[in-house]
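Please read the following points beside the sequence and the structure. They are set out for a reader who is new to such notes.

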Amino acid sequence: MYEPIKAPSLMGRVVQTLEMVQDLIVICLCIGLFSFMALEVWEMFMSLLPPIQFRIITADILFLLILVELFRLLIIYLQEKRVSIGVAVEVSIVSVLREVIVRGVLETGWTQVLAACAFLLVLGALMVLRVWLPPTFEGIDPEQQVSRRYRQQHRIKDMQENLKENTLTNGRP
């Protein structure tokens, strides 16, 4: 009827331990990034005091948006155990645009402007291709597949916990 749950092998335990350590590192990064964002918000409010320097305020706001996107990237990783390519591309686009806006196009060399434009075109193409192309791997969208697997694992764990609770309370499954 029910197969007993097999004890994980040594390799399985090592992998689980390494994954837990990696999750702990990402959680520490999230806490550090959140703290840094709070400090950056405080610094941004302090820069609003006279004399107002619009270039610095604009740079602070764009930098804060980059930090928010990085935080979102870390949260997606913690939830789904994958790096979202779309969010990573968005962070890259905002970062390049921030540098162009802060430095000013007229004060930047033409080779750097040309390189930034080429980079933005490639990133924009990645965003468009990611949306318009059919799913890869012969009809399987890897991002949806990983999300579905993640949800199924949690459903199975919940079912196992409910089964264990029912067994303890009723004496039978």
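1. L10 is part of helix α1, which covers residues 10-47; helices here are DSSP runs (H or I, at least four residues), numbered from the N terminus. The model is a predicted one, in which local features need pLDDT of at least 70 and side-chain atom pairs count only at pLDDT 80 or more, while totals for chains, interfaces and linings use all residues. Residues are numbered from 1 along each chain as its sequence is written, and side-chain values use heavy atoms, with hydrogens and water left out.

2. L10 counts as exposed because its relative accessibility is 59%. The classes are buried (under 20% relative accessible area), exposed (over 50%) and partly exposed (in between), with a 1.4 Å probe and protein chains only.

3. Which class does C30 belong to, buried or exposed? C30 counts as buried, because its relative accessibility is 7%. C117, at 40% relative accessibility, counts as partly exposed.

4. A search of the whole structure for disulfides (pairs of cysteine sulfur atoms within 2.5 Å) finds zero. C30 is accordingly in no disulfide, and the nearest cysteine sulfur, which belongs to C28, is 9.3 Å away.

5. T108 is placed in the loop that runs between α3 (85-103) and α4 (110-132). With a relative accessible area of 17%, T108 is buried. Apart from neighbours within four places in sequence, T108 is in contact (heavy atoms within 4.5 Å) with R103 and V113.

Methods: Helix = DSSP H or I, 4+ residues; strand = E, 2+ residues; numbered from the N terminus.
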